[in-house]
Every structure is written in C-alpha cells, then in structure tokens.
Amino acid sequence: MARILPATDVVVIGLGWTGSILAHEMCEAGLRVVAIERGPWRDTATDFPTTYAQDELRYHIRHDLFLRPAQETVTMRNNTSQNALPMRTWGSFMPPNGVGGGGVHWNGQTWRFLPSDFRLRSHLTERYGAKAIPEDMTIQDWGVTYEELEPHYDRFEYLCGTSGKAGNLAGKTQPGGNPFEGARSREYPTPPQQQPYAPTLFAKAALEAGCHPFPQPSSNLSQPYTNTLGMKLGPCTYCGFCEWFGCGNYSKASPQTTVLPSLVRKLNFEARTQCEVIRINKDASGKQATGVTYVDTAGEEWEQPADLVILCAFQMFNVRLLLESGIGKPYDPATNEGVIGRNFSYQTTSGVDAFFENKNFNPFVASGAVGMIIDDYNGDNFDHSGLGFVGGGYMGAGMTNGRPIEGLRTPPGTPAWGADWKRAVTDNYPSSYGFAAHGSCYSYRGNAMDLDPTYIDRFGRKLLRMTFDFHDNELKMSQYLTDRLAEIVQKMGPKQVVKHPRTGPYNSSVYQTTHLCGGAVMGTDPKTSALNRYLQSWDVSNLFVMGATAFPQNAGYNPTNTVGALAYWAAQAIRTQYLKNPGPLVPV
Amino acid sequence: MSARLAAAIAGLALFAASPKAMAQGQEFDVIERGHVLATVGDCVACHTAPGGKPFSGGLKIETPFGIIASPNITPDMDTGIGRWTDAEFVRAMHEGIGRNGEHLYPAFPYPYYTKVTTSDVLAIRAWLATIPAVRNEVVSNQLPFPFSIRADLIGWNGLNFKEGRFVPSAAKPAVWNRGAYLVEGLGHCGACHTEKNVIGGDKSDRALLGGTLGGWFAPNIGGDMRRGVGGWSNEQIVAYLKTGHNDVAAASGPMADVVTQSTSRMAPADLQAIAVYLRDQPPPQDEPTAKPDDVVMKTGGRVYATQCAACHTQPGSGVNGLFPTLAHAPNIQSINPTTLIRAVLQGAKSVATDPAPTGAAMPAFDWKLSDEQVAAALTYVRWSWGNSAPSVTSSQVADIRKALRKEGD
C-alpha cells in the first residue's frame with residue numbers, strides 16, 4: 001500500500017514546458033508546489049554540454065533523451081478492424097522524458113495559430129457552409145479566442161526570447177513579417193536569425209510566385225537575451241544539432257534555459273524526479289482530486305495529497321492517466337460519446353527534395369528553426385472552394401541540420417550502399433535540399449485513444465491504445481501543399497525535384513513529427529470536451545490539464561507556442577479566479 | 001544518570017545561564033548591524049560544515065600545515081561560545097587568543113579582524129548571541145606535530161601579525177576609507193587574494209595581487225589595468241559582487257560561495273566603497289612576458305576555434321552575463337594560470353543569484369583535451385586580442401590534472 005506523505009497545495013505531474021511554467025506560476029502565487037517527474041533531472045552543462053552534445057548516434061539514433069518503451073509505451077493500429085500492437089521502439093514520434101521534457105529537444109519553431117483556427121468549425125461553416133466539413137470530421141471551436149490568448153502568446157515568446165519579425169502589429173501589416181498572422185501587441189523579443197543561402201534563394205522564388213516569405217519565428221536566439229525571469233540566453237551558433245538534442249550553448253529556449261534555475265531558487269518548490277505518477281486519486285464523490293499516487297525507483301508507492309492537481313505530462317500520457325484514474329467519460333467511437341480519448345489528431349507533414357548543380361548550401365550551418373517560410377497556404381489563408389479539402393500548412397526552406405547520418409540525400413535510383421551510393425552522397429550533400437510543408441491534421445471519429453484490452457505495463461496497468469489514420473481530407477491537402485511547394489522550388493532552378501506528399505496509411509515506424517494532439521480537449525460543451533476553456537476538468541474541478549492534449553484538432557503549425565500560451569492562460573485563470581473561489585470556473 | 005535526568009539538568013543549566021546571556025546587547029539596531037557585519041565577514045562560510053547547521057563549525061580547513069576544523073560559534077553553552085564574555089570575544093577577534101588564553105591558528109583571519117572597531121566586534125557578538133544554539137563538539141586542532149603546538153604561534157605572530165585597529169587615511173575620501181576598512185578588515189579579501197610566505201603569512205608588499213589557495217589561484221584584485229580590476233568600472237565591480245556576474249565576467253569556484261553567502265547580501269554602498277578602494281590599489285611593476293612560439297599559437301588557435309569559440313566567440317568577446325569575455329580579461333591574464341587550467345580541465349559553474357539566476361556553466365575538457373592541447377589553447381587565449389601573459393606549459397597542466405584526480409579520490 002502507498003505510504004501517505006504530508007499534504008501540499010499543488011502537485012504538478014511532469015516537469016516539462018507546462019509543468020515548469022505552472023509550477024513557477026503557482027509558487028509565485030505563494031503556494032507550496034511539488035512537481036513529480038518520472039525521468040531524471042537534466043541540466044544544460046551536466047547533461048548536454050557542448051563537449052559531447054553533438055552526438056548523432058547517441059541522441060538521434062539511440063534516443064538517449066527519450067522515454068524508454070520498456071518504461072511505458074503505447075499500442076498502435078490504423079483502425080478498429082485491426083489488432084493494436086505495442087510499439088517497442090519509437091518511430092513516427094518521440095515521447096520525451098526527464099526534466100525539461102520535449103522542451104529540451106524541440107527545434108524551436110515558435111508559431112501562433114491563426115485566429116480562425118480557434119473557431120474552426122464556426123469559421124468553415126460561415127465561409128463554405130456546413131457541407132464542406134466531412135461527416136466524420138469532429139473538428140470544433142476551442143472555447144478560447146486568439147484575442148484572449150494573445151497576451152499569453154506574448155508572455156511565452158518573451159519567456160523564450162523568440163527571434164522573428166512581426167507581420168501584423170495591432171492590425172497593421174508589417175513588411176517582412178507574416179501578413180496572415182493574427183494581430184500582435186508588440187514586436188518579437190529579438191530580431192530574426194540570419195538566413196543561410198538556401199532559405200534566401202527560396203524566399204526569392206516564393207516572392208516571384210506571388211507569395212509572402214518571412215523568417216520562421218525561432219526560439220534559437222539571434223542575439224543575447226535576458227528574459228522576464230532574469231534568465232540569460234545566448235545567440236545560436238548554427239551547430240545543427242537542435243531537434244533530438246539538448247542545447248549546450250544556452251541559445252535554445254527550454255525549461256532549463258528559461259524557467260528552471262529561477263524555479264529551483266523558490267523555497268516553496270520541490271521536485272521529485274525518477275518518480276512515476278500512476279494515478280490521480282479522487283474523493284468518494286469522484287468530483288474532487290485528493291492528490292496522486294506515484295512509484296519511486298525502489299518500487300515503493302507513495303501518495304502525495306494535494307489541493308490542486310495540474311497534469312502536465314506529454315499528450316498521450318495525460319490521456320492515459322485520465323483513463324487510468326477514471327476521470328471523465330471514456331470516448332466510444334461507435335456512439336461518438338464520451339470525451340477522454342476523443343479528437344486525437346497529429347500533423348500532416350510532407351516534403352520536396354531538390355537536387356541542384358553548382359550550388360553549395362553548406363547544410364551543416366543549421367539551426368532548429370531558422371528558415372524562410374510562406375504561410376499563403378495555411379489554415380484558411382486561401383480559398384478552399386472546389387479544392388475538396390479544408391486545412392493547410394506552412395511551407396518553406398528550414399535549415400535544421402546537415403548531420404552525417406540523417407542529413408544525407410541522394411536522388412531516386414541511387415543504390416542504398418556501396419561505391420555508387422558514396423559517390424552520390426559526396427556529389428549531393430552540399431547541393432541538395434529538403435523543403436518541407438507542415439500541414440494541419442483535423443480530428444475524426446475514428447482517430448481516438450483508449451486503454452488496450454491486451455497489453456499491460458510493468459505495473460500491470462493497461463497500455464494506452466492509439467487508433468489513427470490519415471483521412472482523405474488530409475491526404476488531398478498534403479498533395480496540394482506539396483505541389484505548390486514544388487512549383488516554388490522549381491523556380492530555384494534545380495536539376496531534379498522529387499515530391500514526397502503524405503500518403504496513407506499512417507506509418508508509425510518512420511519519423512514524421514512528435515506533434516500528437518487532443519485526447520482530452522478543451523471546449524464549451526462537456527459532452528464534446530474534457531476540459532473547459534480554462535483547461536479545467538469538467539468532471540474534477542481541482543484538476544487542470546495542460547499541453548496539446550487540449551487541442552480539439554491540430555492546425556498547420558508546430559504546437560509549442562500554443563501550448564505555452566494555454567499554460568499561461570490557465571495559470572492566470574487559476575491565480576485570478578480559481579484560488580479566490582475554488583470550484584468550476586465555467587458552470588456545467 | 002538516566003537520559004531523562006541528564007536532559008533535565010541540561011535544561012536547567014540553559015535556564016540558569018539565560019539571564020547572563022540576556023544581559024548582553026539586545027537592541028535591535030546593534031543586532032541588525034552585527035548581522036550585516038557578520039555577512040561582510042562571511043563567518044558562515046568557514047563556521048559551517050557541509051550539511052551542518054549554520055555556524056555550528058566542523059568545516060575542515062586545509063592549511064599548508066595540516067587540517068584545522070572550524071569551531072562552533074553558536075551560543076551553545078558547552079560546545080559553542082555561549083559562555084564567552086564579550087571581552088573574550090573581542091580578544092579573540094583582535095588578538096587571536098582563545099577563551100583559555102590559547103593562541104588561535106590564523107586559519108581564523110584575526111590578522112584582518114584586528115582592524116575591526118571594538119564597537120563592530122561587539123555588534124557581531126550581539127548578533128551571534130541571537131542565532132539558534134547548536135550542540136556540536138568540534139576538535140579544532142587536528143594538526144600534526146610540531147604544528148599542533150599552539151605556542152608556535154607566538155613566533156608566527158611576531159613575523160606576520162600586527163595588532164591594531166584600522167586607521168583611516170585623512171588624504172582619502174570617506175568612501176575610500178570605508179572600502180579599505182571592509183577589504184582589510186572583516187572582508188579579509190587578502191586571505192585568498194594575497195600571496196603567502198612559507199609559513200602562511202601574508203606577503204604584505206604583495207597585498208591583493210593574487211594568491212594560491214586550496215588548488216585555486218585567487219586573482220589580482222588590485223588596480224592593475226591588465227591583471228587586476230583597474231580596467232573595470234565601479235559599476236562592473238559592484239555588479240560582480242552583487243549578482244556574481246557583470247558584462248564580462250562571472251564568479252565561480254570558491255568566489256561563487258563568497259558571492260552567495262556574503263557579497264550578494266551586502267549593502268550597495270559598501271560594495272561601491274570596496275570598488276573604489278580596490279581600483280585605487282597601486283599596480284606592481286609588470287613582469288615582462290615572452291611571446292609564445294608560433295607553432296603553439298597555431299595549435300592553440302585550432303583548439304580554441306573548435307572547442308571554445310562557440311561560447312566565448314572567435315574574437316574572445318564572450319556573451320554578456322553568460323560566457324565570460326576573454327579579451328582583455330584580468331583573470332585570463334593572471335601571471336599564475338592555476339585557476340584557468342583548472343576551469344578547462346574540470347569545468348566551472350558560475351554562481352546563480354536571485355538577480356542572475358542562470359548560473360551558466362562550462363563543461364569539463366579533461367577527458368577530451370591532452371595536456372599539450374590545454375596548454376596551447378590557454379597560451380593562445382593569453383596572447384590573443386591584445387592579451388599578454390606567460391605561456392602555459394603542458395607540465396603545468398599535467399600537475400594540476402594530477403592534483404584534481406587526487407582531490408577527486
């Protein structure tokens with residue numbers, strides 16, 4: 001049986017981006033906070049120092065920073081007619097682990113979603129009519145507007161020191177920025193990163209194509225920055241080891257570089273690492289959480305009572321903990337009823353490879369989020385009439401890496417090994433380039449999460465089961481985006497262009513992106529959402545759930561900035577409303 | 001005697017002793033001033049063992065002659081200084097003489113504290129009487145024979161100790177004199193930053209020009225433009241002491257603890273006074289240094305470009321508040337390279353303070369770079385961008401590598 005610990009005010013489950021932000025906010029509110037993290041403590045100089053952080057084999061191939069599937073994994077199937085099987089090695093997404101979470105090894109793309117993304121069903125119905133939305137597409141409005149989130153986007157960006165150029169300041173379009181973005185209250189904290197050669201050429205071609213190129217907003221900083229908590233960040237060195245890696249140069253915004261050193265100085269904060277929360281406990285009424293139960297590395301069970309529980313784990317583990325704890329009604333795709341596991345979505349990525357002559361792109365001069373981008377084909381920035389799909393994505397020339405294992409690109413028809421392969425690698429390494437489109441992924445009745453009936457973890461608990469496939473809408477959109485991207489790339493004068501639109505079925509074994517979304521979404525109706533507009537559980541009012549778990553569907557952007565904005569939005573609601581009068585912030 | 005009876009007697013003793021303790025200064029302003037002064041003196045640093053209660057002593061201090069454990073200075077009646085009279089406390093601070101008339105070892109920096117006014121010493125005494133009493137028996141003298149003979153110190157004092165309070169200089173402004181009082185007295189900066197003679201006394205003609213202690217070289221903090229803090233502004237010195245960082249440098253190693261426990265908690269006016277005084281210290285005749293071999297510079301330049309420049313930048317400018325500037329940096333140009341070698345081999349963690357919480361750190365390179373590479377890189381850094389300092393040899397690196405390995409055992 002679990003041993004019971006002295007009660008605390010707040011327990012935070014998972015010490016990644018949202019856990020760090022919420023713990024800091026709750027400490028600032030004067031509350032005693034215990035954060036429980038199942039992975040190890042991680043610190044820049046100790047765990048990813050510049051002396052060895054650039055180790056592709058260790059981090060990219062051998063997944064050093066990521067969760068071990070032996071500790072927890074998921075089972076996967078494309079549809080309900082299949083038997084789900086456990087993932088024994090990670091593939092299309094990389095569940096984070098340890099203090100800092102995904103914030104340690106993200107690329108730093110720091111996007112805001114479009115204003116129309118937050119009222120997607122209403123917006124599309126208004127513009128194209130209800131019939132434009134496929135019958136099994138379960139997209140919905142978020143219950144929060146862009147305008148409400150704007151100050152919180154701003155806070156997260158100023159925490160990170162994000163480098164970029166505003167395209168819309170208080171409604172006025174700014175030259176050089178993204179003209180499609182929602183209004184910003186002020187400029188980015190730091191100017192855009194300097195663009196390498198290939199992105200510069202892409203921007204020129206995009207301009208010729210009538211599009212609106214701009215520098216990708218990046219939390220790999222262009223210059224030294226001191227954030228709102230007094231934390232210092234340095235300029236990015238373009239080392240090209242960003243995604244999959246921790247940054248040893250203090251130049252990528254992460255919980256380690258922006259929050260944690262300030263948080264650990266607070267006497268009302270405590271972190272317990274290598275401790276895995278296995279359940280959120282409820283009182284007899286089932287309407288209040290009483291705390292959590294966790295297991296340490298000795299296998300001992302501990303109960304940590306708390307007045308407020310904030311669930312800050314990675315998307316799928318948030319969903320699993322809610323299902324395990326019996327909080328919220330599990331979703332049933334057959335009846336389309338229930339909320340936990342509902343509206344699970346992903347990201348529809350695609351690419352265009354181009355092979356040039358007499359070009360040297362120096363691909364190793366790279367940074368996670370540097371690049372020139374167009375947003376002309378994202379969300380509803382373009383007329384979808386007659387296209388047969390809704391949604392879109394950004395596209396462009398990012399310059400994330402030219403790493404020696406991953407960064408080798410050869411033209412179709414090249415043998416996979418031997419002298420000809422080596423020659424092709426040598427010839428094409430400097431002069432080939434991979435362009436990317438980053439498409440939305442809307443939610444569907446068939447894409448859901450529940451507990452697996454067969455496979456269990458080391459504690460005997462059921463694993464989470466993932467049922468997911470790309471739908472026609474996303475595949476058509478991906479084809480369309482990839483074609484538009486290839487048209488622009490063609491203007492750059494390559495000798496060969498190879499299109500890689502996303503095709504079905506969804507393949508979980510090849511890396512695409514770690515942007516898993518939904519499963520316990522926010523909204524205005526407790527029948528179709530697990531959380532209210534403040535990310536508070538409809539069912540258990542002293543439980544808040546952070547992260548992309550709350551996205552009703554995913555937009556054509558990387559999620560981190562929206563995750564950060566929602567964290568500050570929820571933190572503000574807790575501090576200004578909930579603590580004064582604990583209970584549901586939205587009447588049920 | 002039963003445990004309960006012993007406890008009752010101990011309780012009674014405490015009760016009986018209280019009125020005497022109460023007779024000492026209880027005025028808030030005296031106690032508060034004592035707290036401020038004890039912070040300047042950084043008493044807590046030596047009088048607290050790792051993991052121990054503050055001021056309860058037991059820290060093992062390595063001296064060239066052996067180990068001395070710091071005594072318990074909490075008001076505990078039996079193991080602390082609860083039974084000391086004010087006069088005994090003042091005598092210890094001013095003369096280095098213990099309660100029973102024994103000579104105290106100069107690991108206790110009474111050669112500095114003798115300069116502190118009696119009124120300030122009594123204020124510290126008043127504050128120390130208010131902190132929680134901790135029962136912790138410490139055997140201070142753990143020195144080997146013959147150094148264990150305290151009478152040896154009569155001779156030592158004759159050579160190294162001059163009793164007497166601080167005398168302000170009429171020619172200098174009040175702020176300078178305040179700085180001098182703090183630096184030469186309670187601050188005991190010279191305990192680390194002044195070179196020692198063979199018997200551990202200060203070389204008074206080398207005051208504040210840097211000293212070696214515990215495997216570190218505490219740099220020159222005098223007014224030398226190249227190797228001291230003469231090239232820094234008062235504001236840079238104050239920021240360094242207050243936050244552990246300024247735009248060009250960061251405190252790490254033993255100085256990190258000094259910042260944490262002492263200087264970050266000091267009044268800005270006192271830090272300003274210290275800055276004024278330090279910058280006014282006359283520089284010594286600079287030692288001419290020979291330009292290193294071109295081959296060494298080339299090797300060092302390569303190591304620097306691949307291993308160091310990502311953070312410290314190719315022109316050695318560093319990054320404000322994060323990575324120290326190397327160009328024109330005083331500690332980089334220290335005559336003695338011990339601390340630099342140590343930082344490269346072992347890494348260095350800068351201090352984190354409330355206003356500068358990042359506490360950026362440099363990783364260790366001992367596993368990655370050979371003695372020759374470390375020596376060449378440091379020589380390169382000490383001779384680039386207008387810097388000038390003696391070359392670092394691979395045997396110097398080898399010696400420190402060996403010493404660090406021993407330290408780690």
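In the predicted model, helix H4 (residues 86-95) of chain B packs against helix H6 (residues 118-128) of chain B at an angle of about 120°, and the two axes lie 10 Å apart. The crossing of H4(B) over H6(B) is right-handed. On the H4(B) side, the contact is formed by Asp86(B), Phe89(B), Val90(B) and Met93(B), and on the H6(B) side by Thr118(B), Val121(B), Leu122(B) and Arg125(B). Of these residues, five are nonpolar, one is polar and two are charged.

Chain B is assigned three domains: domain 1 (21-160), domain 2 (174-279) and domain 3 (294-351 + 361-408). The centres of domain 2 and domain 3 of chain B, taken over C-alpha atoms, are separated by 22 Å. Their contact involves 24 residues of domain 2 and 22 residues of domain 3. On the domain 2 side, strand S5 (216-218) and helix H11 (254-261) of chain B each contribute at least two residues. H11(B) provides the largest share of that side, three residues. By residue class, the domain 2 side consists of ten nonpolar, eleven polar and three charged residues.

The largest nonpolar core contains 262 residues, and Val12(A) and Met546(A) have the most contacts inside it. Helix H13 (residues 560-578) of chain A supplies the largest share of this core, ten residues. When residues up to four places away in sequence are not counted, Met546(A) touches Thr18(A), Leu22(A), Ile310(A), Leu311(A), Cys312(A), Leu535(A), Leu566(A), Ala567(A) and Ala570(A). In soluble globular proteins, nonpolar side chains tend to be buried together.

Conventions: Residues numbered from 1 in each chain as written. Chains lettered and ligands numbered in written order. Predicted model: local features only at pLDDT ≥ 70, side-chain atom pairs only at ≥ 80, totals over all residues. Axes fitted to C-alpha atoms, helices over the stretch in contact; angles between N-to-C directions. Helix = DSSP H or I, 4+ residues; strand = E, 2+ residues; numbered from the N terminus. Left-handed = near helix turned anticlockwise from the far one by under 90°. Contact = placed C-beta atoms within 7 Å. Nonpolar A, V, L, I, M, F, W, Y, C, P; charged D, E, K, R; others polar. Core = buried A, V, L, I, M, F, W, Y, C linked by C-beta atoms within 7 Å. Buried ≥ 20, exposed ≤ 12 C-beta atoms within 10 Å, placed from the backbone. Domains from an automatic or database assignment.
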